[in-house]
Amino acid sequence: MTIWMDRLIKPSPTNEPPAPGAQLRNDLAVAVTVLFALFLALGIRSQVYSASQVAVLNQGALRIAYPERWVQRSAAESGANIDGSTDAGFIAVNLGSPSTYDSRVEVTSRPLSPDETLELARFERGLKLSSEVSGYRELEATVMQVLNGLPAIAATYGFVADPTRDAGATGLPVVVEGQDILFVQDGVLYVVSLRADAAEWGANAHDFAVVTNSLRLQAPPTVAAAASTSSGFTGDAQLEGGN
Amino acid sequence: MQISAIPENRPPGAGAARRPSFLRSITLELLALIIFVVVFNLLAGVGAALDDAALILLGLAMAVTPALLWLVIFYRLDRAEPEPRRLVAGVYLTGLLLAAALRVPIFTVIFATDAWMGVYWWSQLLGNILIVGMVSAAIVYGAVRVVVFDNPEFDERLDGIIYAVAAGLGVATISNFVYVLQHGGVDLGIGSIRMVVDTLGYASAASILGYFMGQARFEKTPLIYLPGGVLLSATLTGLYFFLIERSGANSFTGDVWRDLLVGVFLTLVIMGAVAWLVRRANEETARVTQLSASGDSWEAKPATPTITTSNITTTEGDAV
């Protein structure tokens, strides 16, 4: 310790100023130190973004990751509208959301009915949401695939929520943006819903990526994706719209 | 700028009469800042009568006030050998402009600090050190290095602290500007405390880096000396804001006075340490100068037990 203090107070025995070349060397050393620190900070940020925990649903049939700092909640606690017939009801919310509407991931599941297809299930889901939430509007739907190549549909929508009124306070309603990922695994329809205040949707991209990466959500090898916001069922290759 | 140090080109002991003024100026500065806070808290009710534009203008004026108070008090106490005002102002403005140019791109665009830094205690601590502290230290270093480091007016070790604090105050001013603009004005009571707390944090951490720069200006230093100073300054900045943020006091809990007390305490500790380091460094300089003036060699009057190497003998612990 004494040595360190001596070096701090009297870094050299010469008591003469450094040459210009030595000063340039000092500048470079400082620049390298600062850049290294900032590079380290990028790594820490990446570590925070990717920190996750895993929820096991339906006796291990589905494993889904969500951000570690998010808190698992019951449907009643979160005020979520979850289909009463769900088996794998799972909700995790980000209590640190800047919005009054906490960012969240919800997972529901139910057995697929006979003769029911993924497209029909998605149509029913849209109808159900339009009756349950205020101002529901589907924005886009895309054919995707999850896990080991299972067909899936990713539907993006918006609606108006009133979280402060639900909590007994007064505040402005919130426009919520959501994305449902629907897929069928072993005869069970899973709906993974990602929702956030529309103004915070972009800021939640890293958190939602934890969920979608665990599902290995990606576009199918052949470009069969189509989007539609029109009503009516027009065929297998095109998805029907919502409301 | 002569506050307490012995000038490099003066006989030893010539500056002794002015030595106590460094800590006195810090104490006076803290008192002035507390008065600033008290006055604006007494006027807090006035804010309710102002519209948004007036609140923003008042907030911007408030954002500059702590920095100007600090500069004016230091300057008034520097009557014996004042630094040119243009240099002090130039360093302050350079720090301010660099912070204005770098803050948003680095904090918001590259790192998006709001989204992740507060998630865990360790991310908050490391983020404050590696981003907030490092960027602040880099700006201070850059401002002092570019504007004044090679200037003949930079003629004693303590000048490094004075100029670094001026640059740190520029960073603090931009931090306060951003706070005012993001909140569309400022609550006079809470805002004044928040601005003082930020100003104390940036200025006191900058003083540490200023000490290292003052040493490097007049002595050949090891390669890790200045990077060590940058790292220490960044660490202190990060710890300061980490402790402030984690002490639980913020605008929501309404316990901002605790922030102020924590800030004043930490500033006194840091500045006290800097004052001690400067005094020790100047004593060392005086000792060496005295030895040289009397024609003695380094071996003649060692202050502590000595270690002899091939051709140079120095105080214990010094590398040769």
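## Reading helices in a predicted model

Author: Let's start simple: this is a predicted model, and its chain A has 6 helices and 9 strands.

Reader: How many of the residues of chain A count as buried?

Author: Chain A has 243 residues, and 49% of them count as buried. "Buried" here means under 20% relative accessible area.

Reader: Okay, let's zoom in. Which residues of helix H6 in chain A are buried?

Author: H6 of chain A covers residues 205-214, and its buried residues are A:Asp207, A:Phe208, A:Val210, A:Val211 and A:Thr212. Here's a handy idea: an α-helix has 3.6 residues a turn, so residues three or four places apart point the same way.

Reader: And what covers the buried residues of H6(A)?

Author: The cover includes helix H2 (20-50) of chain A, along with strands S1, S2, S5, S8 and S9 of that chain. Just after H6(A), look for A:Arg216, which takes a positive phi of about 55 degrees.

Reader: How do I describe two helices that pack together?

Author: You give the angle between their axes and the distance between the axes. The crossing is right-handed.

Reader: Which residues make the contact?

Author: From H2(A) come A:Gln23, A:Asn26, A:Ala29, A:Val30, A:Thr33 and A:Val34, while H9(B) brings B:Leu226, B:Pro227 and B:Val230.

Note on methods
Residues are numbered from 1 along each chain as its sequence is written. Chains are lettered from A and ligands numbered from 1 in the order in which they are written. This is a predicted model: local features need pLDDT of at least 70, side-chain atom pairs count only at pLDDT 80 or more; totals for chains, interfaces and linings use all residues. Side-chain values use heavy atoms; hydrogens and water are left out. Buried means under 20% relative accessible area, exposed over 50%, partly exposed in between (1.4 Å probe, protein chains only). Helices (H or I, at least four residues) and strands (E, at least two) are DSSP runs, numbered from the N terminus. Contact means heavy atoms within 4.5 Å. A crossing is left-handed if the near helix is turned anticlockwise from the far one by less than a right angle, and right-handed if clockwise.
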